[in-house]
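This briefing accompanies the sequence and structure shown below. Please keep both in view while reading.

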Amino acid sequence: MRSGFLATQDVGGLTWFKQLAFGTFTADSDRSASLLATLGRLRQLSMSPLETKSESEALLTRIARGDAEAVAECLERHAGIVWSIVSRAWKDYSTIEDLVQEIFIDVWKSASRFDPAKSSEATFIGTIARRRVIDRQRQMGRRPTLEPIEDHDVGAEDQGLSQVDIGDDSTIVHEALAELKPEQRQVIMMSVVDGLTHFDIATSTGLPVGTVKSHIRRGLSKAADHLRSKQGGSSEV
Amino acid sequence: MKSNLLSNNGRAFDLALERFTIGLGPVDHAELEALACDKDRKEFELLLAAIHIGSLTHIVHPPAKALGRLKRAGLEYLKARDEESDSGHDHMV
């Protein structure tokens, strides 16, 4: 059973993550202690990564077979991730919806290629989404950029916006990043999440470009080890 | 196995990371394909995507109307695919 815990309780969102990324996350403050306790509960309530994979595999396999119900389930579960990724890059509502629709058509077409031994379903879909966003930005002659997560306001036309559960993936990634040195977390966040170049990061942090690159590579390598070890010993992330 | 790109400290790593963060033009993309095998590139991309997706701690669901349209588009796609498949089968028969 999926816990749905994140669907009903804010675990601190980007504020928490930035504290983690920039090395200011400590158990000293009440808020941090509360968040640590929340994460502990999350781990207890969440399915194991293997259970998550099994569920995900069934969805995309069913879609590959033409199961219409699985399409609806997949959208219910993952449309929020795709919508969030796209709306960090574009602010125009019609562009966002158009692009999200293109991404999911691509997902349906690619469903038969999903391999649960290589990634979670969310990661598989997120990879397609990210590629599409970058491609669209390059087609439009824009330098690919992503807005900070907290600037997210598209979709606010609906009352009662809901957070969706990315549960286990999120928890495992947080654990992996928590094991990194603060400077490694910082540059990985700026690169992978915010889409900044080595040069941009060096300018922003004052670190030499070579050091930025080294932090990213070593940090990613360590994170990959953690993710692999947590996902049932599978060979991929 | 972990992507070999993570132990690469040169051009291949730079290009693979840029492909994910800002995208590559055709020339750079061709260079990346020459420097790193498909398996390594995909493993590296999945790692970056996992970190990216996992960091989205606050996700906004699409509006209900948009979700409805996405579902309809998905069902239409499946229907068209099935019809195309049936049509192809008839040809073969």
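The points below are grouped by chain and then by element.

The model is predicted. Chain A contains 11 helices and 0 strands, and chain B contains 4 helices and 0 strands. The notes treat the two chains in turn, with attention to individual helices and to two residues of chain B.

**Chain A overall**

- Along the sequence, the elements of chain A follow the pattern α-α-α-α-α-α-α-α-α-α-α.
- Chain A has 237 residues, of which 45% count as buried.
- Among contacts in chain A between residues at least 6 apart in sequence, 73% link residues at least 24 apart.

**Helix α5 of chain A**

- Helix α5(A) covers residues 68–89, and its 22 residues reach 30 Å from the first C-alpha to the last, close to the 32 Å expected at 1.5 Å a residue.
- At H78(A), α5(A) bends by about 50 degrees.
- α5(A) is mostly covered, with 16 of its 22 residues buried.

**Helix α11 of chain A**

- The buried residues of α11(A) include V212(A), K213(A), H215(A), I216(A) and R217(A).
- Further along α11(A), G219(A), L220(A), A223(A), A224(A) and L227(A) are also buried.
- An α-helix has 3.6 residues a turn, so residues three or four places apart point the same way.

**Packing of α10 against α11 in chain A**

- Two packed helices are described by the angle between their axes and the distance between the axes.
- Helix α10(A), residues 198–205, packs against α11(A) at an angle of about 110 degrees, and the two axes are 9 Å apart.
- Angles of 65 to 115 degrees count as roughly perpendicular, and α10(A) and α11(A) are therefore roughly perpendicular to each other.
- On the α10(A) side the contact is made by H198(A), F199(A), I201(A) and A202(A), and on the α11(A) side by V209(A), V212(A) and K213(A).
- By type, the residues of the contact between α10(A) and α11(A) comprise 5 nonpolar, 1 polar and 1 charged.
- Two of the contact residues, V212(A) and K213(A), are among the buried residues of α11(A).

**Chain B overall**

- Chain B follows the pattern α-α-α-α along its sequence.
- Of its 93 residues, 40% of chain B count as buried.
- Among contacts in chain B between residues at least 6 apart in sequence, 47% join residues at least 24 apart.

- In α3(B), 13 of the 17 residues are buried, so the helix is largely enclosed by the rest of the structure.
- A50(B) is located in α3(B), which covers residues 38–54.
- A50(B) has 28 other C-beta atoms within 10 Å and is therefore buried, since the cut-off for a buried residue is 20 or more.
- A50(B) and A34(B) are 16 residues apart along the chain, and their C-alpha atoms are separated by 25 Å.

**Residue N4(B)**

- N4(B) is placed in the segment before α1 of chain B, the helix of residues 11–21.
- With 16 other C-beta atoms within 10 Å, N4(B) is partly exposed, because that count lies between the cut-offs of 12 or fewer for exposed and 20 or more for buried.
- N4(B) and A36(B) are 32 residues apart along the chain, while their C-alpha atoms are separated by 8.4 Å.

How values were computed: Residues are numbered from 1 along each chain as its sequence is written. Chains are lettered from A and ligands numbered from 1 in the order in which they are written. This is a predicted model: local features need pLDDT of at least 70, side-chain atom pairs count only at pLDDT 80 or more; totals for chains, interfaces and linings use all residues. Axes are lines fitted to C-alpha atoms, for helices over the stretch in contact, and angles run from 0 to 180 degrees between N-to-C directions. Angles under 35 degrees count as roughly parallel, over 145 as roughly antiparallel, 65 to 115 as roughly perpendicular and the rest as oblique. Two residues are in contact if their C-beta atoms, placed from the backbone, lie within 7 Å. Ala, Val, Leu, Ile, Met, Phe, Trp, Tyr, Cys and Pro count as nonpolar, Asp, Glu, Lys and Arg as charged, and the others, Gly among them, as polar. The expected span of a helix is 1.5 Å times one less than its number of residues. The bend at a residue is the angle between axes fitted to the seven residues ending there and the seven starting there.
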